[in-house]
Amino acid sequence: MGRQGGEIGFTIKTRRPASCLPGSLRQMRDDVDSGLEERDIRVTPPNETAHKGLLTSSEVRTRHLVDIPLENDAMESCGYLKFTDEGMKSNVLQSLSTMRKNRLFCDVVLLVDNTEIHAHRNVLACVSPHLMELFSTDAGTLNGSAAASDCKLPCYRLNGLITKHGLMFLVEYAYTGSLEVPDEMIRDVYLAAWQLKIDSVVKECARHLVSELEPDICIETRSLPGIERNRRFVQEVDGYIAKHFHLVSETAGFLQLPCILIEVLYQTRQEMLHVAESSLGRLVIAWIRRQMLEEDVSVSSLLERSHMLYLALDNSLQDCADLPPGQESESDLVQDYKRLVLKCPSNKKHRKSLKTPGRPRMILYNRDIGDRVETPEQAMEMDWSLIGCSKLSDHSYVALVTLNGNLTRLSIQLRLNLPTTPSPINTPDVMSTSVSRDEDLDEGQQPELFCEVATMSAPKCGLGVAELGGKLFVCGGYDRAECLRSVEVYCPETNSWTQQSNMGEARGRVQIAVIDGIVYAVGGCNGTTELDSVEYLSKLDKKWKKMCKLPLARSNAGVCALNGQIYCIGGWNGQSGIKQCDVLRPEDNRWTSIATLNIGRYQAGVTAYGGRLWVVGGSDAWNCLGSVEVYDPETNQWTYGASLLTARRGCGLAEFNGKLYAVGGSDGTHSLNSTECYDEESKCWIAGPNLTTPRSNVSVAVVQNRLYAIGGFSGKTFLSTVEYLDPATNEWTTFVPQTRANIESVLENSLRAALQNVQRSTSSTSSSPDHLSNGGRGDSATSGDEQQHTFQPIQTAPSNNEYNRQQHSPKVVNVSTATTNKSALLEDEDSDVTGVDDEGRSKCVKAAHENSIILLQQLAANKCTEIANGSHHHTS
């Protein structure tokens, strides 16, 4: 209490209501002082001289002052006492634990099975967010209260993954802050902690389980219920299994898994020799996934019999029971299988059948080549993944996979399908006799190589796409985090992406158009607001520049070029779908409004077709639309066209080979993989071939006689993948044929990645017994046991060393790899392959062209590591 300048001041403390106090014990203890709210009362006498400090109640006025902590000096001057009891925390916990064990002041009972566990809600709520939420509702789901010894206490029955022993360990942890769990109980504690959201215990249990992994228990660990929700834990366990798969595949846990029997037919023995096992495993998974998701076939049905598959024209595996009759591939073997399938009661009609390719094929995924890392959506697709695969014999493989999240074993057998009779039409592309299959094949009979279409640099949807100079031009879009400024270009010849100059402004939900080689990005969203800005890519300096703004800011508008003008149709203004339509004449640099749509819509497919603008589907902010509107620039009028078969928004629309295609989108509930094609003769839409992946907010463009679908949202994740409609098969595919023109490029990329792996391996101490240890001495050959192969799906060492020594032993390849040149290649990743001199390079190219299959086999197995490290070509 004091007096300053005619005022008498004193401080009182009042306690806050209990409802304002936090629920955590620690917070309650720390807030004891802060719970005392200070009020500073200043009393000013009306006449200080006359009253001499005497005050009346009517003359007292109060006001709140900000509570500012006193400095240490001020505290000491006021006689402040500061005391910290270091043992208080442990004493409180110890006392609470003692009270729990003696059931003193317990206010809750947890029920697991037939066991009652008495505890204090405040203590448990401090440790478990799940229990905090459960207790906060105080609905008490008082189930089982009659079974409690004290029926007055609220009881909560915990179900799911929680066991009695797991919960008891966690309750003890809540009171003591420590865990002492036997190895055999770690799994119970992990599952209980995961369900109760006790992250610290989950992480520690997962770390312990990974550190204690052994081949004979890793399958049991990988089969833990709920493990798929802990992505990092799954990746650690999967990596261990892949690395030690040759041991894991011999354990009882692995052999007890359900097994699906698969037979894959090949046209030539050469195809069978060049199979990349991980690519084969992924092709089989893709087939099983289609059966389960599209044909509604259960795993139990797949386990009933063996399945004979063939490689179809769209580079997918299909059931031989659906092989069209009359083909050379319909041998006695296939006919016997068809009769067997007809007798199976669970047999049902699958997708429409496709023919076999006339020429043998070899399929490789990018992850098996080593030139690209696993994409984010591939990393997230743990429900359908290949964990490990190895070769048992010449044409027999075993694999561990997840099918819709369930561990399953695959047994894959390769079989040679010899035709019963020669083809009625002899062609050089088809081998019709067993003799020709065993002899050396000329170039026209060599198996074709198909590689996965290269993915974008990142997953995204709502992006602008157009054809520019025979390449696929992609800009903007958005992912889960932000709208993007990035620009990249896909080259079909090299199957590769290159980065371009970023746009001046981030644009998601954007569309672009191209006129006279100039790209125009119109409107969009920057993540905060809709945009009215427009920018174009200058042909001179390759920089983005601003131009006249839209009359109305909007995103998700339809943008296309027609008759040298750019049209912006509908869109979203931040509140609803709009009807407004505008046209830009680039030479005038001015937007002009045209007739409005009949229905305001956004996320509609828009393109030019037959000299008119077509607007398909979209949304009016409440419903997906199936209606179609057509604009005639001659009359400046919109008329209705034939409605879609399925109402959809976020679909792609493009003209391809004289037909109009509506691709993917969303029906408001699910992302769609269906497509529709407009039949000009019947004036109606008909069903088209299905996409390989559902895609909403997908962008489409036609480049070099292929209709590409780029990015989008699958319903679970944003996509970086690309697929195209193959005009030869009228099917969507994710594989592109590799020509001689880009075989060398693929080899160089793989060699570069392999050399980087060598550098990482040699810089490491001995993380693996198979690490390369010749210290960069290019003239020392490595033995088979020392060779490190990285073609496994998790980028680990191979699982079957004996097979790797036999099947992937180095072939004679004309590649010069001097030590100095290798160093130069590693230091300059953007340069050409400098690891070979001019003469060696010339011979390398010639050898690759003469026998591309041998080179590509080495690509599949990442044998460039051995080439770079130990193989040499001596030029004269």
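**Helix contact and ring pairs**

Author: In this predicted model, Gly166, Leu167, Phe169 and Leu170 of helix 7 are in contact with Asp188, Val189, Ala192, Ala193 and Leu196 of helix 8. The residues of this contact comprise seven nonpolar, one polar and one charged.

Reader: Why is helix 7 called roughly perpendicular to helix 8?

Author: The axes of helix 7 (residues 164-176) and helix 8 (residues 186-196) come within 8 Å and cross at roughly 70 degrees. Angles of 65 to 115 degrees count as roughly perpendicular, and helix 7 is therefore roughly perpendicular to helix 8. The crossing is right-handed.

Reader: What makes the aromatic pair of Tyr478 and Phe718 edge-to-face?

Author: The structure holds 17 aromatic pairs. In the pair of Tyr478 and Phe718, the centres are 5.8 Å apart and the angle between the planes is 75 degrees. Planes over 60 degrees apart count as edge-to-face, so the name applies to this pair. The two residues are 240 residues apart in the chain, and both Tyr478 and Phe718 are buried.

Reader: Why is the pair of Tyr631 and Trp638 called tilted?

Author: The ring centres of Tyr631 and Trp638 lie 5.0 Å apart, with the planes at 40 degrees. Stacked requires under 30 degrees and edge-to-face over 60, so this pair is tilted.

Reader: How do you know whether Tyr631 is buried or exposed?

Author: Buried means under 20% relative accessible area. Tyr631 has 3% relative accessibility and therefore counts as buried. Trp638, with a relative accessible area of 8%, is buried.

Notes:
Residues are numbered from 1 along each chain as its sequence is written. This is a predicted model: local features need pLDDT of at least 70, side-chain atom pairs count only at pLDDT 80 or more; totals for chains, interfaces and linings use all residues. Side-chain values use heavy atoms; hydrogens and water are left out. Axes are lines fitted to C-alpha atoms, for helices over the stretch in contact, and angles run from 0 to 180 degrees between N-to-C directions. Helices (H or I, at least four residues) and strands (E, at least two) are DSSP runs, numbered from the N terminus. Angles under 35 degrees count as roughly parallel, over 145 as roughly antiparallel, 65 to 115 as roughly perpendicular and the rest as oblique. A crossing is left-handed if the near helix is turned anticlockwise from the far one by less than a right angle, and right-handed if clockwise. Contact means heavy atoms within 4.5 Å. Ala, Val, Leu, Ile, Met, Phe, Trp, Tyr, Cys and Pro count as nonpolar, Asp, Glu, Lys and Arg as charged, and the others, Gly among them, as polar. Rings of Phe, Tyr and Trp (its six-membered ring) pair if their centres lie within 6.5 Å; planes under 30 degrees apart count as stacked, over 60 as edge-to-face and the rest as tilted. Buried means under 20% relative accessible area, exposed over 50%, partly exposed in between (1.4 Å probe, protein chains only).
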